[in-house]
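Hi everyone, thanks for coming.

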Amino acid sequence: MKSRFKQYSVIPGFGITLGYTLLYLTLIVLIPLSALFIQTANLSFAEFWNHVTSPRVVASYRLTFGASLIGAAINAVFGFLIAWCLVRYRFPGRRLMDALVDLPFALPTAVSGIALTTIFSKHGWIGRYLEPLGIKAAYSPLGVVIALTFIGLPFVVRTLQPAIEELEKEAEEAAASLGANRFQTFIRVILPTVFPALLTGFALAFARALGEYGSVVFISGNMPGRTEITSLLIITKLEQYDFAGATAIAVVMLVVSFAILLSINLLQWWFSVGRRRVA
Amino acid sequence: MSPLQETQRLKNQTTLPNTVQTTVLKPTAKFIDLLSSLVPGFLITLAVGFMTLFLVLPLAVIFIEAFKLGIVEYFKSFQDPSAWHAIKLTLIATGISLPLNLVFGIAAAWAIAKFEFVGKSVLITLIDLPFAVSPIISGLIFVLMFGLQGWFGAWLAERDLQIIFAVPGIVLATIFVTFPFVARELIPLMQEQGSDEEQAAISLGATGWQSFYYITLPNIKWAVLYGVILCNARAMGEFGAVSVVSGHIRGKTNTVPLHIEILYNEYNVVAAFAMASLLALMGLVTLALKTFLEWKVQQDRNTTLEPTLAEVH
């Protein structure tokens, strides 16, 4: 009998594979990540607080969180629409459209950054029509929203697609035959069922947007206090050799994104428990 | 009367089954039928419009800008030695991080999927950790370790070794951001597949290595490839993390995405988009392979889920 740590198995290779996994994980991920927290622990609380609440930093939080929230909300609406069309309707080009949804994953962020900037700048394909309307898309907070919408789209579509596939058409037909119109069927029958997936997709897009750097820096214009996102501020502090400031802000952002991902897991667990109880 | 009020009135009036309703209120019902038949077309148009605006246009603009001054100018962009150097460095960083994360992914998936042990779910969470860390922070942690003010900074400086603002830092940052890709594809698939087939092979006298090579590998090969493709795309395209550790020394520590940034900021638009077109092409190939492999992995899932060995027990 071996220890109770592991159940007995005839398959070999447990020691070496787990050992290697733990070693590699520790060297590449755990030790470097712990550096961030240990370096922060060297700061006194007052210093830390000063670093993370200075006006320029707070302005960057406001922009980053605000734009991420708006981007995720836009994606929740249009991502739902796209997922719905892909699952429910058959039309020419559907497969191509389905594959194209992942483009923001596959396209390097710097590439999408310069592409979006070119389109939305004053003389760009879309920017030139916005300019006469008094809308400045590139080099403004709106540009940040555009970039964050771009990178968040696949998260919403990909989490919603399986949920919409699982929807029972019978429930909608029953609602319709009981006299509900399309809008009522949507609000009362469809939305409550796919809501967990929608919320998860929204949260994933939001979490990704918070840390995004590459696609934003080109289109934002990077004016301190106005269009400077938190990720860029961390880099700026590093370039000024303000390691303490960079580290403190990084810890705040890291803790926030951990908290969001944790709440996504809790949410999914909670919904799955609820579903099991109903079934 | 607006269509909305009309529907409301319709709904209030009738508790009769649908068929009766259409015969009784023919004109309005026809109108609603017409509206309903227009809904899918309207939704699809809206969805396609949004995707064109946010996905197709950015993709198109890359190639149009790259070829704006003709094909000669496009290829001229690659004559710059620093462009070649950037391509070489990107290939080096990818070439190192890919096999490392592949071996790790297979080892981790083997340990997690084939055995039952305490703390497994914690281990899975820890493996996913790099995905929760933003690109800038992924670079920053290596600066905190190996930078001049970092943990090993003084030690490295004494020995004249450089990791940050040099190639090793770029490789480390790339390994970190692509760390979970292969593992997170393999773990759920191999857990689903279980270990019955390997157990049978072992009890028939196969060695562990043989059972991996002849049993496990054929079952997971498409998923391995899928993970590698995604890992490759991210490794070649990583910008934020690499940007922090690179130091942006032209012709020395610039990867392709960093070189694009420099060219773009110098208003060398054609050259910037020419480099970008390479990465965009890589992205498109990734998408195509990904779509194909998703179909293949799904096939693997379906065939292995059929109870073949389960009946023996």
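So, among contacts in chain B between residues at least 6 apart in sequence, what percentage join residues at least 24 apart? It's 71%, where contact means heavy atoms within 4.5 Å.

Quick housekeeping. This is a predicted model, where local features need pLDDT of at least 70, side-chain atom pairs count only at pLDDT 80 or more, and totals for chains, interfaces and linings use all residues. Residues are numbered from 1 along each chain as its sequence is written, chains are lettered from A and ligands numbered from 1 in the order in which they are written, and side-chain values use heavy atoms, leaving out hydrogens and water.

Let's stay with chain B for a moment. Its secondary structure comes to 15 helices and zero strands. Helices (H or I, at least four residues) and strands (E, at least two) are DSSP runs, numbered from the N terminus. Of the 313 residues in chain B, 51% count as buried. Buried means under 20% relative accessible area, exposed over 50%, and partly exposed in between, with a 1.4 Å probe and protein chains only.

Leaving aside residues up to four places away in sequence, His259(B) touches Asp80(B), Ser82(B), Ala83(B), Ala86(B), Arg250(B), Asn254(B) and Met275(B).

Over in chain A, have a look at helix 12, residues 230-239. Nine of its ten residues are buried, so mostly this helix is covered. Among them are Leu232(A), Ile234(A) and Lys237(A).

Now for some backbone angles. Most residues other than glycine have a negative phi. Just after helix 12 of chain A, though, Tyr241(A) takes a positive phi of about 60 degrees. Tyr139(A) also has a positive phi of about 60 degrees, although it is not a glycine. You'll find Tyr139(A) in the loop between helix 7 (127-130) and helix 8 (141-166) of chain A. In chain B, Tyr267(B) has a positive phi of about 60 degrees too, and lies in the loop between helix 14 (256-265) and helix 15 (269-305).

Next, where the chains meet. The contact takes 85 residues from chain A and 86 residues from chain B. The area buried between them is about 7600 Å², and carbon and sulfur atoms give 82% of that. Buried area here is the accessible area (1.4 Å probe) that two parts lose on being put together, summed over both. Ile11(A), Tyr24(A) and Trp125(A) supply 9% of the area that chain A buries against chain B, more than any other three residues.

How many salt bridges are there between chain A and chain B? The count is one. A salt bridge is a side-chain nitrogen of Lys or Arg within 4 Å of a carboxyl oxygen of Asp or Glu. Here Asp102(A) pairs with Lys290(B), the closest N and O atoms being 2.5 Å apart. Helix 1 (residues 14-41) of chain A gives the largest share of the side of chain A that touches chain B, 19 residues.

Last, disulfides, meaning pairs of cysteine sulfur atoms within 2.5 Å. The count over all chains is zero.
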